[in-house]
Amino acid sequence: MDWDNQPDPFRRYDQSLTLPLEHPQITKTPTYDSLFDTWQEPITPINRDSISRLFYESLAISAWKQAGENRWSLRVNPSSGDLHPTEAYLIAGPIKDLSDVTAVYHYSAYAHALERRIILTNEEWKAINQNLPPGSLLISLTSIYWRESWKYGERAFRYCHHDVGHAIGAITFAAAALGWKTRLIHSVTDNDLAILLGLHQQKGIEAEHPDCLLAILPTDENNTPADLIVNLSATLLKRVKDIEFEGSPNTLSSHHHEWPIIDTVAEACRFNGDSSLIQKRVPSVKYNNENKLDNDRRVSARKIIRQRRSALAMDGHSTISKESFYRMMVHVSPHLGKNIIAVLPWHARVSLAIFIHRVDDLPAGLYLLVRDPDHEPSLRKALRSDFSWDKPKDCPESLHLYLLQYANAIDAARTINCHQDIAADGAFALGMLAEFDASLEQYGALFYPRLFWETGLIGQILYLEAEAAGIQSTGIGCFFDDAMHEVLGISDHSWQSLYHFTVGGPVDDPRLQTLPSYWYLK
Ligand SMILES: Cc1cc2nc3c(=O)[nH]c(=O)nc-3n(C[C@H](O)[C@H](O)[C@H](O)COP(=O)(O)O)c2cc1C
């Protein structure tokens with residue numbers, strides 16, 4: 001690894017018009033738990049303040065850390081290796097107190113500002129969002145694979161898409177705190193999206209790859225159209241294709257190491273239009289909210305969102321209550337009411353295999369959270385036949401949680417997770433099992449990155465759940481999937497562990513100094 005050549009974690013479009021955003025204060029309301037409750041949040045109007053909040057509470061810098069001469073930034077969204085390959089673009093009509101024109105902007109996390117890339121005509125904007133509720137916005141996410149491949153080589157593809165899932169989650173939470181809904185849109189192909197964002201003009205290993213398009217809907221459920229469709233007309237694409245975009249992307253590294261397999265995989269997974277993924281207003285929910293975990297802990301959603309951090313180490317003794325654990329499991333499962341998971345249009349494809357180490361009143365052992373009851377027959381077939389499948393004590397009726405085997409799994413969790421102590425020293429650690437073959441057979445290769453998005457979204461919920469419970473968590477991208485599968489008895493690709501996580505009592509590193517997020521701005 002060539003440390004002197006570490007890619008710049010901040011993309012800038014030099015010479016573009018830059019619109020600085022506000023740095024809003026944390027508010028007591030909405031509470032974190034209210035984001036999962038029935039829809040009551042007032043819908044905040046779209047203006048400079050609310051757009052500032054949307055980005056400040058999803059993708060902005062949250063703090064800087066310093067150790068000796070070294071200083072690095074952390075963001076509201078986490079990232080494998082803190083390398084932050086995900087970039088974001090806002091596509092919006094005129095925004096009160098911010099812009100009089102319709103435009104495509106790049107979000108600069110370093111400056112907490114919007115960098116304008118192109119102006120669209122009002123007619124073009126009208127055509128783009130004609131099927132969306134009035135006032136809707138679009139956010140697109142892209143990845144720079146080089147930022148991750150610099151350190152992780154081929155694994156970069158996987159890590160970039162975990163990060164996309166986390167970013168989708170971060171945006172969905174920030175929008176929910178404003179009373180807005182977020183939905184993944186599948187009516188625009190990756191090639192067309194690249195043209196709208198000007199990515200077709202980027203070449204080489206530092207080029208951004210289009211990942212996804214999100215609609216941000218400042219509306220309630222009753223006013224949401226049945227099919228969420230965004231149109232990019234041939235005329236618009238033709239005009240934009242040859243236009244000169246404002247600003248040019250900064251260079252991230254002076255030299256590079258090629259990883260051609262990443263481009264091959266990215267090409268195979270390109271989204272070329274598949275209408276079966278278009279978001280339908282069919283509730284992908286098979287749970288109801290009859291559990292008794294709904295008392296609001298009254299912790300500020302914005303505080304939790306901005307303070308989110310990965311634990312660097314776990315203390316090896318803190319426990320959590322079983323009620324806290326069950327609430328986390330309810331919040332990562334599709335359920336009725338406000339639903340962060342509803343941002344993804346497909347039925348849940350991921351269930352959780354959990355090593356419980358330190359949850360009060362629950363025996364240590366291997367557990368399984370079946371996030372969609374449809375997974376159960378296939379999981380029963382794939383997993384070891386001697387598992388007991390017992391419902392744990394006081395488990396909410398709606399939660400499909402099973403104790404598979406009593407075990408002290410502390411050493412196994414450490415070994416499976418690349419010998420990392422954080423997986424052994426927390427309250428629990430888990431592996432996210434994706435319904436692999438069946439998903440790829442149904443949708444093809446384009447669904448491969450989407451499986452990582454679902455795991456990243458679950459991870460983002462777990463990060464905030466841990467903060468809300470007064471502890472912390474850490475995503476684990478480094479793990480041995482074969483060892484995990486062996487413990488579970490999985491011998492084929494019907495279920496594949498794609499992402500791991502640990503939750504527990506954190507240990508701070510006193511050598512690290514913390515600086516405010518935007519200390520260098522006036
Ligand atoms: C996809 C993903 C994989 C990660 N894998 C690991 C890991 O294997 N071990 C670890 O200690 N931290 C891991 N992390 C945590 C990152 O190192 C952390 O997010 C990053 O340093 C930024 O810090 P923050 O989360 O406090 O903002 C991972 C994070 C993500 C999002």
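User: In this model, what do the buried residues of α9 pack against?

Analyst: The model is a predicted one. In it, the buried residues of α9 pack against β13 (365-369), β14 (401-406) and α13 (447-468).

User: Why is helix α9 called largely enclosed by the rest of the structure?

Analyst: A residue counts as buried if 20 or more other C-beta atoms lie within 10 Å of its own. Eight of the ten residues of α9 (residues 322-331) are buried, and therefore the helix is described as largely enclosed. Those residues are Ser 324, Phe 325, Tyr 326, Arg 327, Met 328, Met 329, Val 330 and His 331.

User: What makes helix α3 mostly covered?

Analyst: By the burial criterion of 20 or more other C-beta atoms within 10 Å, seven of the eight residues of α3 (residues 145-152) are buried. Among them are Tyr 145, Trp 146 and Trp 150. The buried residues of α3 pack against β8 (137-143), α4, β10 (209-217) and α7 (260-268). Just after α3, Gly 153 takes a positive phi of about 60 degrees.

User: How do you know that the ligand lies between domain 1 and domain 2?

Analyst: Residues of the shell around the ligand come from both domain 1 (3-23 + 40-60 + 76-245 + 254-277) and domain 2 (310-504), so the ligand lies between the two.

User: Which element gives the most to the shell around the ligand?

Analyst: Helix α4 does, with four residues. Of the 20 residues around the ligand, Pro 78, His 162, Ser 310, Gly 475 and Gly 477 come nearest. By class, the shell has six nonpolar, ten polar and four charged residues.

Methods. Residues are numbered from 1 along each chain as its sequence is written. This is a predicted model: local features need pLDDT of at least 70, side-chain atom pairs count only at pLDDT 80 or more; totals for chains, interfaces and linings use all residues. A residue is near a molecule or strand if its C-beta atom, placed from the backbone, lies within 6 Å of it. Helices (H or I, at least four residues) and strands (E, at least two) are DSSP runs, numbered from the N terminus. Ala, Val, Leu, Ile, Met, Phe, Trp, Tyr, Cys and Pro count as nonpolar, Asp, Glu, Lys and Arg as charged, and the others, Gly among them, as polar. Domain bounds come from an automatic or database domain assignment. A residue is buried if 20 or more other C-beta atoms lie within 10 Å of its own, exposed if 12 or fewer, and partly exposed in between; C-beta atoms are placed from the backbone. Two residues are in contact if their C-beta atoms, placed from the backbone, lie within 7 Å.
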